[in-house]
Amino acid sequence: HPAELPLARAAVAQWAQLDERLGRETGYRRSGNLRLARGEDEIATIRALVENQSAAGLPISWLGSLTEVREIAPHLSERVLAASFCDSDGHADPVATVTAFLERARDLGAMLRFGERVVRLRANAGRVTGVETDTASYAPGTVILATGILANDLLAPLGHRVPLRRPMVTVLRSTPTEPLLTPVLGVANADMAARQELSGRLRVTSGAEDWPGEIVEEAGRPAIRPRLRAIRETIEKVSSVLPAFAGLELEGVWAGALDLTPDALPVLDRPDGLENLVVAAGFSGHGFGIGPVTGEIAARLACGETPDHDIAPFRLSRFRDDARESAPLTLHG
């Protein structure tokens with residue numbers, strides 16, 4: 001989306017230096033992104049993507065044949081007809097990255113608390129005056145609400161709501177294998193994605209499907225259970241473009257839900273009437289990639305400062321200003 005592109009480009013610049021800034025490994029590798037076309041309709045979609053993104057200033061190229069695509073990813077099948085390639089894209093290890101941020105925050109004096117669920121925010125006279133958890137209560141200075149799919153559980157009692165669909169995505173992770181894939185793989189309609197981690201494991205994701213809303217506890221943590229059908233379909237779709245995947249062993253299977261807004265843009269805003277509350281939610285599957293920048297935006301808002309980026313497109317009030325059609329899911333994984 002043109003409104004999100006400046007954030008994405010700024011985040012790409014930060015990712016290259018994040019290990020040094022945090023003093024820890026994030027597993028980041030800048031290896032490009034291939035968006036694959038597997039049929040004539042997808043060729044048209046990818047061509048339009050290249051034209052539009054090029055016009056917006058993104059360095060992205062059109063690969064019009066399987067031969068050209070295989071120069072970047074030689075293990076792809078003949079199902080692939082064409083692709084776009086953005087060499088400035090990359091990927092990182094999500095667990096290592098989040099752990100690096102947490103440990104750096106602790107170094108700087110942050111207090112971290114886990115296993116404590118926030119159950120409500122109390123407000124009075126235009127301020128959040130209390131954060132209540134299942135074990136304690138806190139009097140906050142400023143609250144950043146970044147609870148993703150559960151944002152409205154805390155917002156709605158305060159008279160605000162982010163319109164969210166919460167589709168579910170299945171994730172499969174293989175055991176380590178030989179190098180098969182350098183760039184991240186996506187497809188025109190976002191029904192699968194794949195990448196190979198530095199460990200040699202392939203991490204692949206399904207398209208989005210309706211999620212019934214059930215969260216279970218596994219090993220003391222919240223979890224969403226995937227469906228067997230989605231696991232089978234994901235294996236089939238990934239193997240159709242990367243045949244070697246079909247012969248690998250699976251090390252892990254899980255699912256996650258996305259906080260998808262009608263226009264697939266996040267909310268980065270102070271809701272009207274609550275001067276010490278900042279909402280950072282609705283990232284629509286893009287949140288990890290642009291996190292280094294949106295985290296800074298939320299921090300500036302919390303400190304009463306003006307962010308370095310234009311955040312007008314991300315205001316919460318946009319959903320009551322006009323009727324917006326639901327945007328399709330374009331990227332995740």
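Colleague: Which residues form one aromatic cluster?

Modeller: This is a predicted model, in which local features need pLDDT of at least 70, side-chain atom pairs count only at pLDDT 80 or more, and totals for chains, interfaces and linings use all residues. Residues are numbered from 1 along each chain as its sequence is written, and side-chain values use heavy atoms, with hydrogens and water left out. Rings of Phe, Tyr and Trp (its six-membered ring) pair if their centres lie within 6.5 Å, and planes under 30 degrees apart count as stacked, over 60 as edge-to-face and the rest as tilted. The structure holds 2 aromatic pairs, and the one cluster is formed by Trp 15, Tyr 28 and Phe 288.

Colleague: Is the pair of Trp 15 and Tyr 28 stacked or edge-to-face?

Modeller: The ring centres of Trp 15 and Tyr 28 lie 5.7 Å apart, with 20° between the planes. Since planes under 30 degrees apart count as stacked, the pair of Trp 15 and Tyr 28 is stacked.

Colleague: Is Trp 15 buried or exposed?

Modeller: Buried means under 20% relative accessible area, exposed over 50%, and partly exposed in between (1.4 Å probe, protein chains only). Because its relative accessibility is 7%, Trp 15 counts as buried.

Colleague: How many residues apart are Trp 15 and Phe 288?

Modeller: Trp 15 and Phe 288 form a tilted pair, at 5.3 Å centre to centre and 55° between the planes. Trp 15 belongs to helix H1 and Phe 288 to helix H8 (residues 287–302), helices being DSSP runs (H or I, at least four residues) numbered from the N terminus. The pair links distant parts of the chain, and the separation is 273 residues.

Notes: Helix = DSSP H or I, 4+ residues; strand = E, 2+ residues; numbered from the N terminus.
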